[in-house]
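These are my notebook entries on a single protein chain. I shall record what I looked up and what I found, entry by entry.

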Amino acid sequence: MIDSKTIGARIREKRREKGMSQEKLAELCDVGTTHISHIETGNCVPSLKIFIKIINVLSCSADEILRDELIKAELTYSSEISKLLSDCTSHELMILTETLSSLKNSLRKKDFLNTDVLK
């Protein structure tokens, strides 16, 4: 099921990153400001036509907005992780690497145990 609140929140986040108002986004997408507000709050899902206009105006990919809804979103997540790490110090990178490694191992153990239980 599509999570319209998360999709709307991502659209709002991208709009704000661009320093754009709802009014400007609405104008560039040929819709009303209220419609953009409803999309961003998750009260409605944009049509495909409006969604494409939004991602084009915001210069982002559909994957960036829909990543939780996609089965294959590895590239999007990898890109997001790279952006998060781009301004880290060496010390921060070391800590984050150790943390991610530990978390990954923990997740894989959990998946193994859950798989084992199902057999």
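**Entry 1: lysine 14**

In which helix is the place of lysine 14? I worked from a predicted model, and I found lysine 14 in helix 1. I then looked up its accessibility. Lysine 14 counts as buried because its relative accessibility is 14%, and the cut-off for buried is under 20%. Next I listed what lysine 14 touches, leaving out residues up to four places away in sequence: Leu58, Cys60, Glu64, Ile65 and Lys83.

**Entry 2: salt bridges**

How many salt bridges does a search of the whole structure find? I recorded 6. One of them joins lysine 14 to glutamate 64, with the closest N and O atoms 2.7 Å apart. This pair links distant parts of the chain, since lysine 14 belongs to helix 1 and glutamate 64 to helix 5, 50 residues apart. I noted that glutamate 64 is also buried, with a relative accessible area of 17%.

Glutamate 64 forms a further salt bridge with lysine 83, where the closest N and O atoms are 3.8 Å apart. Here too distant parts of the chain are linked: glutamate 64 lies in helix 5 and lysine 83 in helix 6 (residues 74–85), 19 residues apart. Lysine 83 counts as exposed, at 52% relative accessibility.

An α-helix has 3.6 residues a turn, so residues three or four places apart point the same way. Lysine 24 counts as partly exposed, at 37% relative accessibility.

**Entry 3: helix 4**

Which residues of helix 4 are buried? In this helix (residues 48–57), I found Ile50, Phe51, Ile54 and Ile55. They lie on the same side of helix 4 because they cover an arc of only 130 degrees around the axis. On the other side, Leu48, Lys49 and Asn56 are exposed. The buried residues pack against helix 1 (4–17), helix 2 (22–29), helix 3 (33–40) and helix 5 (62–66). Helix 4 is followed by serine 59, whose phi is positive, near 50 degrees.

**Entry 4: a surface patch**

Finally, I noted a nonpolar patch on the surface, formed by Leu100, Leu103 and Leu107, with about 280 Å² of accessible area together. Leucine 107 lies in helix 7 (residues 90–118) and is partly exposed, with a relative accessible area of 47%.

Note on methods. Residues numbered from 1 in each chain as written. Predicted model: local features only at pLDDT ≥ 70, side-chain atom pairs only at ≥ 80, totals over all residues. Heavy atoms only, no water. Buried < 20%, exposed > 50% of the residue type's maximum accessible area, 1.4 Å probe, protein only. Helix = DSSP H or I, 4+ residues; strand = E, 2+ residues; numbered from the N terminus. Arc of directions from axis to C-beta. Contact = heavy atoms within 4.5 Å. Patch = residues over 30% accessible without salt bridge, like charges linked within 9 Å, V, L, I, M, F, W, Y side chains within 5 Å. Areas by Shrake-Rupley, 256 points an atom, 1.4 Å probe, with all protein chains shown as cover. Salt bridge = Lys/Arg side-chain N within 4 Å of Asp/Glu carboxyl O.
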